Amino acid sequence: MNVWKIPVVTPNDKVLASPLRYVMWLASKQAGVLFFAILLGIIAFVAQATTPFAIGRALDSGLENGLTKDVLMWAGVLLAAGVVQVSAAALGHRFDVLSWVRAALTTSRLISDTVSTRGDAIREELPTGEVVSSVTSDAHRLGDLYFQTARFMGSLATYVVVGVFMLNTSVKLGLIIALGLPTVAVILGFLIKPLQKRQEHQREVTGRLTSLGSDTVTGLRILRGIGGEAVFTQRYKEQSQKVRDAGVSVANMQANMDGLQVLLPGIFVAVVMWVGAQAAVAGEITAGQLVTFYGYAAFLTWPMYNLIQMVQIATRAKVGVIRVLKVLSVKNHTPDTGSITPVASGGSLIDEVSGTTLENGRYVALVAADPDVSALIATRMARFNDAAESDTRVTYNGILLKDYVKDDLRRSIVLAESTPHIFAGTLRAGLDTRGGTDDSTILNALHVADAHDVLESLPHGLDSELPEKGRSLSGGQRQRVALARALLTEAEHLILIEPTSAVDAHTEARIGAQLRQYRAGKSTLVVTASPLVLEHMDAIEVLDNDGKVIGTGTHSELMSDMSTVGRTYRAIVAREVGDEDTDARELHTLGTEQEVSH
């Protein structure tokens, strides 16, 4: 079985500058397929156009000479034209479908690649619904354009051939046919622009509805907790009604066009027959030519219909391509511009602006009064946004991070953010992101992250399926699964932002101790203010409000330090402990109230 593979192609910025350039670029990537599709389309339509001509000649020959060899010859021509038409149309349809598949799936692949490589840039510039609609709707509409191309070219070629023939036979009727159908097309063309605007509006409100639905489903547990289900349900109803109204508006315009596509060509055929009948009575054309003209007048409504359909499809495709280009034009925050490979081991990772340093094999914490300040420094030490970090140099072994080959850098330096994202699929696949890890290693990472309860709660262990974003897990379970996933990368430099913020104190203490032992010999930077984790650190770097390192020490050293550094550190840690005590008191109060109510 032959399976066609999508070609690995990437458009440059010039291609993405306009919808037309992108359409032409995509056509150039399947020039052979389009050539044969158009050639077979022209052959099929020309063969079909032969039918009225052959019938008219056979009729004239029969009326003049009876059943002769000429009649049989034209009958044979009619049969041959039918065979050619059917064969060319059947084979051409295969090429039409192939061109649709190539265009639609190549665009879908490009969107998928863009989403997977742009990351945060996509979320910052476009809503989720916009991206989803680009794959599920816009890419298919673009495919329709290439599917219709062969019919369009065949219809155009046939219209020219038939028009020339009819002008040579009867100038009056030829002019009526040559000019009448384009007039019909122009009339219908006036409706194209309003239809396009309505389609753009429908596409916009549909994208908003998709985003709203996605956000609601993702945050359903939170909505239930705060009692916000009714509010979001009402918002979804209102947006759904807007989508319905937009759809009805498009359908009304489309219905008017479809009706006119039948009415106007029908009136045109009636006019041709009236003028042709008068010409036949006057002896200007033969009976066979009258039949031929009627056949062509009726036949040409089909090519004209295809031409109008092409305009409508092109209009929808233009709307879709504009949306697709919005996605494809999103720039990567961290383009792969580096050339140094591999990333040498044993060096120090340094943020030069803040002074944060992660030396080889060290277990270090970063502490700040404002958690966002320390998280920002940790994030830029993993190179996630070159533009935003252009003035904040981060080096490894004295070399800027952007000068390394990005794939190598990502293998060496791994960042686990505070808000974990769990992917749908088996627990094993979600944990073993780099592949090839045996079960004992995975289980050990789950033990270090104190996530054994997750494994026990699933019916099939590591082979259990997790829903999208791990919705079946609690916030603390998701955080610990994400920690285990980060540990399994075995990165030389691991950066963890608030890895234990959603777990209880006992679990946090166990993780803090186990994490140090697991990462022995490798570099680990943890952003946290929890003393249960900080007490296990080799070093703690304390930041001021401006994000500068003002001092370094162990937990015990900083707790006994009487300088500004020590006072700052103790204030941060004391606040953390105070928050935990407050949470504990609130839980105790809640439990007491529940007991009293019972």
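Analyst: Let's start with a definition: an axis is a line fitted to C-alpha atoms, for helices over the stretch in contact, and angles between N-to-C directions run from 0 to 180 degrees. Keep in mind that this is a predicted model.

User: OK, I have the axes. How do I use them to read a pair of helices, and at what angle do helix 1 and helix 3 pack?

Analyst: The general idea is that two packed helices are described by the angle between their axes and the distance between the axes. Here, helix 1 (residues 19-28) packs against helix 3 at an angle of about 115°, and their axes are 11 Å apart. Angles of 65 to 115 degrees count as roughly perpendicular, so helix 1 is roughly perpendicular to helix 3. The two cross in a right-handed way.

User: Which residues of helix 1 and helix 3 make the contact?

Analyst: From helix 1 come Tyr22, Trp25 and Leu26, and from helix 3 come Ala103, Thr106, Thr107 and Leu110. Sorted by class, the residues in this contact of helix 1 with helix 3 are five nonpolar, two polar and no charged.

User: Helix 3 also packs with helix 2. What is the angle there?

Analyst: Helix 2 (residues 31-65) and helix 3 (residues 69-118) pack at about 160°, with 7 Å between their axes. Angles over 145 degrees count as roughly antiparallel, which means helix 2 is roughly antiparallel to helix 3. The residues where helix 2 meets helix 3 include 23 nonpolar ones, along with eight polar and four charged.

User: Is the crossing of helix 2 and helix 3 left-handed or right-handed?

Analyst: Helix 2 passes helix 3 in a left-handed crossing.

User: Can we try a pair further along? How do helix 15 and helix 17 cross?

Analyst: The axes of helix 15 (residues 439-448) and helix 17 (residues 475-488) come within 8 Å, crossing at roughly 130°. That angle makes helix 15 oblique to helix 17. Helix 15 goes past helix 17 in a right-handed crossing. On the helix 15 side you'll find Thr441, Ile442, Ala445, Leu446 and Val448, and they meet Ala484, Leu487 and Leu488 of helix 17. The classes in this contact of helix 15 with helix 17 are seven nonpolar, one polar and no charged residues.

User: Let's zoom out. How many helices and strands does the protein chain have?

Analyst: The chain has 21 helices and 12 strands. For overall spread, look at the radius of gyration: it is 35 Å for the protein chain, well over the 25 Å that the globule rule gives for 598 residues, so the chain is more spread out than a compact globule. The C-alpha trace spans about 120 × 65 × 45 Å along its principal axes.

User: And what share of the residues counts as buried?

Analyst: Of the 598 residues in the protein chain, 43% do.

User: How do I read burial for one residue? Is Thr356 buried or exposed?

Analyst: The cut-off for buried is under 20% relative accessible area. Thr356 has 0% relative accessibility, so Thr356 counts as buried. You'll find Thr356 in strand 2 (residues 356-358). Leaving out residues up to four places away in sequence, Thr356 touches several others, including Leu349, Leu366, Met381, Leu525, Glu541 and Val549.

User: Where is Thr379, and what does it touch?

Analyst: Thr379 sits in helix 12 (residues 371-380). Not counting residues up to four places away in sequence, Thr379 touches Phe384, Glu389, Leu415 and Ile497. Its relative accessibility is 18%, and therefore Thr379 counts as buried. Pro420 is 41 residues from Thr379 along the chain, and their C-alpha atoms are separated by 14 Å.

User: Last one: backbone angles. What is the phi of Asn397?

Analyst: Asn397 has a positive phi of about 60°, although Asn397 is not a glycine. Its place is the loop between strand 4 (394-396) and strand 5 (399-400). Asn397 is partly exposed, with a relative accessible area of 36%.

Another residue to look up is Glu498, also not a glycine, with a positive phi near 45°. Glu498 lies in the loop between strand 9 (493-497) and helix 18 (505-518). At 23% relative accessibility, Glu498 counts as partly exposed.

Notes
Residues numbered from 1 in each chain as written. Predicted model: local features only at pLDDT ≥ 70, side-chain atom pairs only at ≥ 80, totals over all residues. Heavy atoms only, no water. Helix = DSSP H or I, 4+ residues; strand = E, 2+ residues; numbered from the N terminus. Parallel < 35°, antiparallel > 145°, perpendicular 65-115°, else oblique. Left-handed = near helix turned anticlockwise from the far one by under 90°. Contact = heavy atoms within 4.5 Å. Nonpolar A, V, L, I, M, F, W, Y, C, P; charged D, E, K, R; others polar. Rg over C-alpha atoms; globule rule 2.2 N^0.38 Å. Buried < 20%, exposed > 50% of the residue type's maximum accessible area, 1.4 Å probe, protein only.
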